Amino acid sequence: MANNQLLKWLLKMPLAERNQHLAKLTGTERAELRYHWELWAREEQLPPAGAWRTWLVMAGRGFGKTRLGAEWVRMVATDREARIALVGSSLAEARSVMVEGESGLLACCPPHRRPKFEPSLRRLTWQNGAQATLYSAAEPDSLRGPQHSHAWCDEIAKWDNSASRAENAWNNLLLGLRLGEEPRRGDVARWPLVAP
């Protein structure tokens with residue numbers, strides 16, 4: 001059974017039955033399935049159905065917000081035309097949490113499909129040509145001009161809004177979110193949400 005067919009088959013069955021079948025898989029099959037987020041994620045960690053423009057996740061520590069953001073970006077990056085903005089409160093946080101963190105993009109991708117990370121360019125490039133670029137909400141002008149099809153904004157409640165920086169970063173991001181037919185953004189906030 002092909003991997004996609006196996007995944008769909010497993011997803012249709014109750015969790016207990018699914019685990020029984022997973023125990024019968026070969027080591028190679030199990031190794032591949034560990035990277036299929038849909039199989040392991042809780043329902044509330046999966047993107048909502050339908051035509052949405054913004055997906056906001058407000059949850060506490062341990063919910064899996066970083067992982068769901070990274071997995072969503074991974075899913076988006078299957079489109080070779082995807083141009084994704086990764087916006088953190090600072091470039092250092094975007095890199096250490098969203099890209100290199102234990103639940104970040106590099107950790108969530110299978111080794112043979114991991115994007116190339118070029119820290120000096122703040123860019124990740126997947127083998128199919130999809131790209132993600134890191135931005136700091138503290139530098140709103142860096143978001144002025146670049147265009148994106150998708151955006152993952154991490155911990156928006158933490159963005160520094162002195163001199164309206166967070167607000168300007170948000171507005172500049174929205175103005176540049178215009179590539180593709182359905183530009184989308186996933187926003188992650190820690191609960192309780194605190195106004196910037």
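The protein chain contains 8 helices and 7 strands. The model is predicted. Of the 196 residues in the chain, 43% are buried. Among contacts between residues at least 6 apart in sequence, 65% join residues at least 24 apart. The accessible surface of the chain is about 10600 Å², and carbon and sulfur atoms account for 51% of that surface.

**Nonpolar cores**

- The largest nonpolar core has 28 residues, and those that touch the most other members are Val73, Ile84, Leu86, Leu105, Leu124, Trp126 and Trp152.
- Two or more residues of this core come from each of these elements: strand S1 (54–59), helix H5 (65–76), strand S2, helix H6 (91–99), helix H7 (105–108) and strand S5 (131–136).
- H5 gives the largest share of this core, with 5 residues.
- A second, separate core holds 13 residues, including Ala85, Ala151, Trp159 and Leu173.
- Leu105 is one of the residues of the largest core that touch the most other members. Leaving aside neighbours within four places in sequence, Leu105 is in contact with Ala70, Val73, Arg74, Leu86, Met98, Val99, Leu124, Trp126 and Trp152.

**Helix H8**

- Helix H8 covers residues 165–176, which makes 12 residues. The distance from its first C-alpha to its last is 16 Å, close to the 16 Å expected at 1.5 Å a residue.
- The buried residues in H8 are Ala166, Ala169, Asn172, Leu173 and Gly176. They lie on the same side of H8, because the arc they cover around the axis is only 130 degrees.
- The packing partners of the buried residues of H8 are strand S2 (83–88) and strand S6 (150–154).
- Leu173, one of these buried residues, also belongs to the second core.

**Asn172**

- Asn172 is located in helix H8. Its relative accessible area is 9%, so Asn172 counts as buried, the cut-off being under 20%.
- A polar atom of the Asn172 side chain lies 2.9 Å from the backbone oxygen of Pro140.
- Leaving aside neighbours within four places in sequence, the contacts of Asn172 are with Pro140, Asp141, Leu143 and Arg144.

**Leu33**

- Leu33 is part of helix H3 (residues 27–33). With a relative accessible area of 1%, Leu33 is buried.
- Between Leu33 and Pro110 there are 9.9 Å in space, C-alpha to C-alpha, and the two residues are 77 residues apart in sequence.

- Glu155 lies in the loop between S6 and H8. Its phi is positive, about 50 degrees, although Glu155 is not a glycine.
- Glu155 is buried, with a relative accessible area of 10%.
- Ala163 is found in the loop between S6 and H8. The phi of Ala163 is near 55 degrees, which is a positive value in a residue other than glycine.
- Ala163 is exposed, and its relative accessible area is 72%. The cut-off for exposed is over 50%, whereas buried means under 20%.

Methods. Residues numbered from 1 in each chain as written. Predicted model: local features only at pLDDT ≥ 70, side-chain atom pairs only at ≥ 80, totals over all residues. Heavy atoms only, no water. Helix = DSSP H or I, 4+ residues; strand = E, 2+ residues; numbered from the N terminus. Expected span 1.5 Å × (residues − 1). Buried < 20%, exposed > 50% of the residue type's maximum accessible area, 1.4 Å probe, protein only. Arc of directions from axis to C-beta. Contact = heavy atoms within 4.5 Å. Areas by Shrake-Rupley, 256 points an atom, 1.4 Å probe, with all protein chains shown as cover. Polar contact = N/O pair within 3.5 Å; in protein donor to acceptor, adjacent residues only side chain to side chain. Core = buried A, V, L, I, M, F, W, Y, C linked by side-chain atoms within 4.5 Å.
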